[in-house]
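Here is a short tour for anyone meeting this structure for the first time. Have a look at the picture, then read on.

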Amino acid sequence: MAALTPISRTPVSFYVPVVAAAGAVAGLLVGTAQGSSLLGIGIGALLMAALAFVTTQVARAETPSRWAMVGLLGIAGFVMGGFAAAIIGALFGWFFGWFSFWLYEGRYRAYVAPYLTPGQVLWHYTFRVICGAILVFLITPILVVMPLSFNAEDFFTFTPEMLRFDPAGYSLKHYEDFFTNSDWQNALANSVKIAPMATLLSVSFGTLAAIGLSQPHVPFRRAIMAILISPMIVPLIISAAGMYFFYSRIGLQGTYVGVVLAHAALGIPFVIITVTATLVGFDNSLTRAAANMGAGPVTTFFRVQMPLILPGVISGGLFAFITSFDEVVVVLFVGSAGQKTLPWQMFTGLREQISPTILAVATILVIISIALLTVVEMLRRRSERLRGMSPG
Amino acid sequence: MKLTKTLLASTALTVAAGMTLADGHMASEMTIVSWGGAYSNSQQQAYHNPYAEKTGVEIINDESSAEAVAKLRAMNEAGNVTWDVVDVVAADAIRLCDEGLAMEIDPDEHLAPAPDGTSAADDFGDLLVSDCFIPQIVYSTTFGYRTDMVGDTPPTSVCAVFDTEAYPGKRSLEKRPINNMEWALICDGVPKDEVYDVLETAEGQQQALDKLATIKDDVIWWSAGADTPQLLADGEVVMGSTYNGRLFSVIEEQKQPVAMLWDAQVFDLDGWIIPTGLSDERKARALDYIYFATDTQRLADQAKYISYGPARASSAPLVGQHADLGIDMAPHMPTDPNNAKNTFLYNYEFWADYRDDIDAKFQAWLAQ
């Protein structure tokens with residue numbers, strides 16, 4: 001990206017306070033971890049302001065100064081908390097070195113339009129920081145879980161060995177437990193048996209419903225749509241309690257078929273919504289053309305309509321699959337111990353014995369979810385490319 | 001079209017597979033409900049495995065004891081009882097019995113006599129606190145503390161919990177009034193045998209809450225038995241209450257720097273009930289299981305896997321060594337004379353009468 005605006009160096013009164021403010025935030029984090037937030041803010045602000053001033057005004061040479069900051073803060077981290085803290089310190093050093101010179105040289109102005117006021121430039125970067133903070137807020141819980149699942153101890157604790165990156169602090173024993181313990185394996189087998197069947201039913205019924213409801217001549221379309229989508233809106237616990245009593249009466253409670261039907265009911269709204277969305281772009285003259293050439297409705301559906309709406313069907317199916325695979329409330333009511341699924345096992349495990357095996361399973365499930373969503377995205381792009389909607 | 005055919009074929013296959021999986025076993029299986037974790041594992045080893053070997057019955061474990069009362073009520077209302085044998089604490093058994101949700105048991109008819117011929121009723125003795133309840137273990141709720149966080153003077157009295165000067169740091173207590181109110185009164189100078197008399201009065205309840213208020217800012221409240229072991233292992237609390245078997249596991253199996261504070265431990269019972277509303281065939285099988293699983297040897301066997309005391313007097317001499325660690329289990333039992341110097345028996349009648357009232361006060365106090 002070419003620079004949009006010529007840049008010039010900024011005065012000390014501008015960039016040193018800004019670096020100090022950033023230093024205060026970093027100091028708050030470190031200080032809180034060490035036990036004193038206020039002290040952390042003060043030291044962070046002063047230290048970073050001083051470093052920014054010295055590197056830009058006294059040392060002046062950019063590359064050596066920035067390396068010096070990485071080294072200095074890395075060593076400070078090592079003195080405070082060992083190897084792991086040294087890496088964090090070095091990262092801080094890298095960031096503040098870059099940040100100081102970025103402000104000092106006025107580089108922050110280069111890639112924004114020249115006519116922006118200082119306030120607009122500030123908002124430009126604030127907005128990006130806020131977005132980044134939200135992303136971190138969403139991702140952190142997942143990122144914390146992953147290293148903990150390699151814990152060598154049976155607790156949810158970052159042990160001193162782990163923080164020193166000592167191999168003895170890590171182990172795969174919780175993964176081993178997951179793959180050898182019959183409770184977990186039964187739960188996995190149940191999930192794998194239930195989710196595909198539930199997905200299949202959701203996709204079949206959901207697709208038919210979406211096609212039917214997209215015909216303009218169907219009466220009470222909106223009311224029917226609302227009812228079909230209601231499992232998504234009604235609180236899950238209410239659906240679950242209702243299903244429990246209903247299924248008990250008709251003998252489906254505690255059976256495999258019962259759990260599959262319940263999960264199918266939960267998955268159908270996702271399929272309806274995604275398929276309806278793809279049907280919006282579907283040209284109905286194609287079906288009329290097919291009929292004109294002598295194809296029956298079934299042939300038309302499989303040969304003409306289905307291939308075109310397939311991306312919507314597949315992504316709806318994946319959502320239905322993940323719903324069933326992640327679901328705990330309904331299965332607790334509708335299932336019996338014979339249908340114990342993975343989420344159920346995790347739920348009881350979390351309550352009765354806080355074991356990192358749960359974290360190992362969570363990590364595996366996260367990876368599966370990421371893989372599934374990647375597939376959806378790739379399918380979406382492929383279909384766009386095929387339909388000529390994007391140059392890709 | 002190839003894709004369509006593939007889709008259709010896989011559909012047909014999945015449906016067929018689903019149907020065959022749906023049927024299958026049903027004939028000789030029973031669902032046993034328990035608490036999960038190390039406790040269920042001890043039952044699996046001591047009761048379920050030998051029973052399955054002897055009879056060929058397949059046992060399905062359901063870990064729903066925590067919500068057993070609510071679920072049994074719902075099952076009863078729906079007319080669809082899917083559980084065969086349920087492990088509950090004595091207080092829950094009393095409630096279920098009162099509501100007619102648990103079957104009455106005649107100990108001398110339904111339970112095995114001791115090897116020396118003593119009748120089951122005498123062997124269990126006072127522990128048969130309800131007509132529907134077959135006691136299995138005696139457990140206690142007691143405190144564990146971090147040995148590396150208490151300095152040179154490890155606590156010896158339960159009142160150390162209320163002494164934040166000598167033992168600074170957080171403590172974990174259960175998020176309910178039971179036990180906490182009693183401990184608070186004892187440490188406020190009420191003699192042990194007068195605790196429930198004091199707790200009957202509104203002033204006594206306020207006195208207990210006031211005592212708890214002195215440490216309220218230092219308390220982490222727990223609701224699952226696994227919480228305190230996690231907090232102790234983390235070093236987030238200096239001491240905390242939980243079930244003694246959990247602390248045994250933290251200390252002996254996980255080798256954490258934690259020690260037991262047996263002082264003023266509160267004894268409670270855990271055991272089996274059989275739900276009402278079972279078919280005759282299932283009822284007969286449940287009774288057969290109970291007869292097998294609560295005999296003298298089986299109860300003593302369970303103590304190999306977890307440090308809870310067997311409920312039969314005749315089982316105590318048979319308690320041996322831990323199955324994996326090979327250490328003697330007797331000194332880790334809550335009922336061992338060294339540990340039981342100062343104990344407290346949970347008063348079922350008191351809590352049956354006052355629980356709702358005190359619970360409400362306690363929750364209101366917590367929210368303040």
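## Where the two chains meet

The contact between the chains takes 29 residues from chain B and 26 residues from chain A; two residues count as in contact if their C-beta atoms, placed from the backbone, lie within 7 Å. On chain B, at least two residues each come from α1 (2-22), α2 (37-55), β2 (58-62), α3 (68-78) and α10 (227-234). These labels follow DSSP runs numbered from the N terminus, with helices (H or I) of at least four residues and strands (E) of at least two. The largest share of the chain B side, six residues, is supplied by α1(B).

Sorted by class, that side of chain B holds 12 nonpolar, 14 polar and three charged residues. Here Ala, Val, Leu, Ile, Met, Phe, Trp, Tyr, Cys and Pro are nonpolar, Asp, Glu, Lys and Arg are charged, and the others, Gly among them, are polar.

Residues are numbered from 1 along each chain as its sequence is written, while chains are lettered from A and ligands numbered from 1 in the order in which they are written.

The complex gets an ipTM of 0.76 and a pTM of 0.77 from the predictor. Chain B has a mean pLDDT (the predictor's confidence in each residue, from 0 to 100) of 87, and 93% of its residues reach 70 or more. Over residues 16-26 of chain B, though, pLDDT stays under 50, and the model has seven contacts beyond four places in sequence for them. Where pLDDT is low, the predicted coordinates should not be read in detail.

## Domains in both chains

Chain B splits into domain 1 (29-138 + 269-330) and domain 2 (141-266 + 343-367), with bounds that come from an automatic or database domain assignment. Taken over C-alpha atoms, the centres of these two domains of chain B are 28 Å apart. Their contact uses 12 residues from domain 1 of chain B and nine residues from domain 2 of chain B. On the domain 1 side, α2 and α4 (90-98) of chain B are the elements giving two or more residues, and the residues of that side are 10 nonpolar, two polar and no charged.

Chain A is assigned domain 1 (12-115) and domain 2 (181-354), and 52 Å separate their centres, again over C-alpha atoms.

## What's packed inside

The largest nonpolar core has 56 residues, of which Val85(B), Ala93(B), Leu96(B) and Ile273(B) touch the most other members. Such a core is a set of buried Ala, Val, Leu, Ile, Met, Phe, Trp, Tyr and Cys residues joined through C-beta atoms within 7 Å. The top contributor to this core is α4(B), with five residues. Not counting residues up to four places away in sequence, Leu96(B) touches several residues, including Val69(B), Leu72(B), Cys132(B) and Ile273(B).

## A proline in a loop

Pro356(A) sits in the loop between α14 (342-352) and α15 (357-386) of chain A. Is Pro356(A) buried or exposed? Pro356(A) is buried, because 25 other C-beta atoms lie within 10 Å; the cut-offs are 20 or more for buried, 12 or fewer for exposed and in between for partly exposed, with C-beta atoms placed from the backbone. Leaving aside neighbours within four places in sequence, the contacts of Pro356(A) include Leu148(A), Asp154(A) and His174(A).

Note on methods:
Predicted model: local features only at pLDDT ≥ 70, side-chain atom pairs only at ≥ 80, totals over all residues.
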